[in-house]
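Welcome, and please open your viewer. We will go from one selection to the next, with a note on what to look for at each stop.

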Amino acid sequence: MTRTIATAPVVEHPRITVIGTGYLGATHAVCMTALGFDVLGVDVDAAKVAALSAGTVPFFEPGLPEKLREALDSGRLRFTTDFDEAARFGDVHFVCVGTPQAPGSNAADLRFVEAAFAELAARIDRRALLVGKSTVPIGTAARIADEVRTLSPAGDDLELAWNPEFLREGFAVEDTLHPDRLVFGVTSDWAEAQLRAAFRPILDRDTPLVVADLATAELVKVAANSFLATKISYINAMAEVCEATGADVTVLATALGYDDRIGARFLKPGLGFGGGCLPKDIRAFTHRAAELGVGQAVAFLEEVDAINIRRRIRTVDLVRELAGGSLAGVRVAALGAAFKPNSDDVRDAPALDVARMLYLEGASVTVYDPEATQNAHRVYPDLDFASSLGQAVASAEVVALLTEWDEFRSADPTTLGELVARRRIVDGRHALDADRYRAAGWEYRALGLPSGARQPQALPGG
Ligand code: UDX
């Protein structure tokens with residue numbers, strides 16, 4: 001069924017393609033199928049396409065494997081490497097490829113985005129809507145909108161919109177099916193109407209929709225991630241102050257969080273943020289703002305990044321302090337490699353970075369992560385990896401909790417204590433019950449806590 005908006009027909013039940021089947025794209029393809037659409041997932045990686053077609057999700061994401069199988073069983077989801085097929089199939093094409101940090105620069109690497117739009121546009125010969133979901137520097141969408149019109153046999157009938165995505169790894173399905181809000185960056189009534197049709201089931205549930213121009217839509221995403229990163233670094237900066245004064249950052253965070261204007265979420269102190277989004281997004285934003293002549297407006301993000309990196313260094317300091325001043329030859333159990341629990345993603349993972357720094361200082365490091373070991377091993381083959389928590393802590397002289405998996409939170413300090421050589425633990429995520437550990441004979445240290453602090457500095461002349 002179609003209706004006409006601004007002289008162009010809107011497809012009310014559009015056929016959807018999703019280009020790029022990583023975390024974002026695979027989840028989007030599966031969820032659009034669950035919402036009732038016919039979907040074609042497209043990727044240049046034949047192995048990924050084969051895995052997804054066979055019902056296997058090539059990364060760890062709770063709930064997604066079940067949803068993928070349901071979607072495949074419905075007969076409305078397929079995957080392909082064939083861009084010709086994608087161009088023929090889709091009324092609305094979502095581009096979900098990655099925009100990693102460019103090698104040797106803070107800028108975003110747009111090669112995959114450029115290639116995906118160009119490959120599609122050159123093949124599309126009828127009215128269709130291209131929708132960018134990838135996180136890109138402000139101004140990219142407007143430039144690509146011009147490029148695709150020039151490249152496509154459809155000319156002006158090929159429009160471009162931007163629809164930023166806010167999904168969190170570990171909650172990808174929930175965040176996609178039940179988003180806090182939808183943001184449409186559009187340049188025509190037709191594009192807005194076509195996007196509304198593609199998100200009808202979500203909009204029908206009264207999900208807030210913000211319709212914006214292309215630049216604002218691009219900015220919403222980086223502004224949101226910058227805010228979240230700033231909030232985390234804010235409390236971690238307070239942890240630094242706590243360490244110098246004997247104050248307790250966990251009590252401070254609790255007290256601040258009760259203020260509705262501040263809120264407790266993303267105010268959890270510890271080892272800081274990592275992953276495939278927050279770190280590279282704030283760097284790319286800083287880079288782009290400087291290009292636009294407004295570098296000063298977001299210069300604070302450099303400090304946000306610096307605070308975040310200092311937490312990793314300070315965690316290594318705590319392990320060294322517990323080990324008696326030197327890490328040389330010290331057996332350390334590093335619990336966690338993923339950038340957060342319920343993920344196997346080790347991109348810019350604080351945990352893995354700390355493990356690497358400990359190793360470089362001469363510690364004998366054994367890493368254990370319930371899901372991320374394979375990915376971590378690929379990045380740092382020199383580290384030792386254990387296949388269980390018990391194996392990791394066996395004979396350890398210091399245990400460092402670096403990612404707050406439930407398996408670590410719920411471990412019994414007495415049982416663990418029987419396995420280690422010395423009961424000494426650094427809780428990099430404030431994930432453990434300090435009193436229980438102390439009662440079981442552990443020396444417990446954490447960032448921003450009095451017992452983890454350097455002695456308060458004596459006042460000059462005091
Ligand atoms: C983030 C955004 O939340 C999401 O909206 C966006 O689409 C992609 O980037 P994600 O990378 O999956 O999602 O992780 P998130 O849950 O935001 O956590 C990011 C990092 O911050 C993790 O390393 C986490 O451990 C850390 N974090 C989070 C803290 O250190 N303290 C907190 O209070 C919250």
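In which hand, left or right, does α13 pass α14? Before you look, two notes on the model. Residues are numbered from 1 along each chain as its sequence is written, and side-chain values use heavy atoms, with hydrogens and water left out. This is a predicted model, where local features need pLDDT of at least 70, side-chain atom pairs count only at pLDDT 80 or more, and totals for chains, interfaces and linings use all residues.

**Stop 1: α13 and α14**

Select residues 300–322 for helix α13 and 350–360 for helix α14. Helices here are DSSP runs (H or I, at least four residues), numbered from the N terminus. The crossing is right-handed, that is, the near helix is turned clockwise from the far one by less than a right angle. The two axes cross at roughly 50° and come within 9 Å; they are lines fitted to C-alpha atoms over the stretch in contact, with angles from 0 to 180 degrees between N-to-C directions. α13 and α14 are therefore oblique to each other (under 35 degrees is roughly parallel, over 145 roughly antiparallel, 65 to 115 roughly perpendicular, the rest oblique).

Now show side chains: R312, I313, T315, V316 and V319 of α13 meet P350, D353, V354, M357 and L358 of α14, where contact means heavy atoms within 4.5 Å. These residues divide into seven nonpolar, one polar and two charged (Ala, Val, Leu, Ile, Met, Phe, Trp, Tyr, Cys and Pro are nonpolar; Asp, Glu, Lys and Arg charged; the others, Gly among them, polar).

**Stop 2: α10 and α11**

Next, select 214–245 (α10) and 249–257 (α11), whose axes cross at roughly 135° and come within 9 Å. That angle makes α10 oblique to α11. Again, look for a right-handed crossing. From α10, Y234, I235, M238, A239 and C242 touch V249, L252, A253 and L256 of α11. By class, this contact has nine nonpolar, no polar and no charged residues.

**Stop 3: α10 and α12**

On the α12 side, pick L278, D281, I282 and F285, which meet α10 residues including K221 and N225. The contact divides into seven nonpolar, two polar and two charged residues.

**Stop 4: the ligand**

Finally, centre on the ligand, which 20 residues surround, the closest being F166, E169, K268, F339 and K340 (a heavy atom within 4 Å). Polar backbone atoms of F166 lie 2.7 Å from a ligand oxygen in one case, and of L167 2.9 Å. A backbone N or O atom of E169 is 2.7 Å from a ligand oxygen.

Methods:
Helices (H or I, at least four residues) and strands (E, at least two) are DSSP runs, numbered from the N terminus. A polar contact is a pair of N or O atoms within 3.5 Å; within protein, one must be able to donate a hydrogen and the other to accept it, and residues adjacent in sequence count only if both atoms are side-chain atoms.
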